[in-house]
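Have the structure open while you read.

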Amino acid sequence: QVQLVESGGGLVQAGGSLKLSCTVSGRIFSTMGWYRQIPGKQRELVAAIIGGGITRYADSVKDRFTISRNKAMNTVYLQMNMLKPDDTAVYYCNMRNNADVNYWGRGTQVTVSS
């Protein structure tokens with residue numbers, strides 16, 4: 001059974017940094033990412049990493065956030081710098097298998113105060 005568990009969220013002042021972690025247990029697939037959601041809005045992609053270490057980012061977080069993973073590929077990180085109040089959301093870890101089935105963590109709250 002696949003499980004994704006996030007950690008690292010919290011409250012930070014604007015301009016500060018946080019690092020989120022997501023550890024996967026069970027089968028691991030190479031496509032992983034972070035999404036975020038604000039109440040009443042659709043979940044949106046923040047950053048993704050695929051096989052070979054190729055990454056992609058939402059325009060709103062480019063040059064501020066960095067996605068990475070460990071060598072075992074069972075933990076993915078999101079380093080968030082220069083945080084803004086608009087980054088406030090619940091952040092979800094995602095993993096997608098070869099059949100485009102998505103696995104999700106329960107989410108971790110990130111709150112950025114102005």
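## Rings that pair up

Keep in mind that this is a predicted model. A pair of aromatic rings is described by the distance of the centres and the angle of the planes. Here the count comes to two aromatic pairs. Take Phe29 and Tyr103: their ring centres sit 6.2 Å apart and their planes are at 5°, so this pair is stacked. Phe29 is in the loop between β3 (18-25) and β4 (31-37), while Tyr103 is in strand β10 (residues 102-104), so the pair ties together parts that are 74 residues apart in sequence. Phe29 counts as buried because its relative accessibility is 9%, whereas Tyr103, at 23%, is partly exposed.

Now for Tyr35 and Trp104. With centres 5.0 Å apart and planes at 75°, this pair is edge-to-face. It also links distant parts of the chain: Tyr35 belongs to strand β4 and Trp104 to strand β10, 69 residues apart. Tyr35 is buried, with a relative accessible area of 14%, and Trp104 is partly exposed at 35%.

## Charges over rings

Lys19 lies over the face of Tyr77, 4.7 Å from the ring centre. Arg43 does this with Tyr92, at 3.6 Å from the ring centre.

Most residues other than glycine have a negative phi. Asp63, though, has a positive phi near 70°. You'll find Asp63 in the loop between β6 (55-57) and β7 (65-69), and its 76% relative accessibility makes it exposed.

Met82 also has a positive phi, about 45°. Met82 lies in the loop between β8 (75-80) and β9 (89-96), and at 47% relative accessibility it counts as partly exposed.

Definitions and conventions:
Residues are numbered from 1 along each chain as its sequence is written. This is a predicted model: local features need pLDDT of at least 70, side-chain atom pairs count only at pLDDT 80 or more; totals for chains, interfaces and linings use all residues. Side-chain values use heavy atoms; hydrogens and water are left out. Helices (H or I, at least four residues) and strands (E, at least two) are DSSP runs, numbered from the N terminus. Buried means under 20% relative accessible area, exposed over 50%, partly exposed in between (1.4 Å probe, protein chains only). Rings of Phe, Tyr and Trp (its six-membered ring) pair if their centres lie within 6.5 Å; planes under 30 degrees apart count as stacked, over 60 as edge-to-face and the rest as tilted. A charge sits over a ring if NZ of Lys or CZ of Arg is within 6 Å of the ring centre and within 35 degrees of the ring normal.
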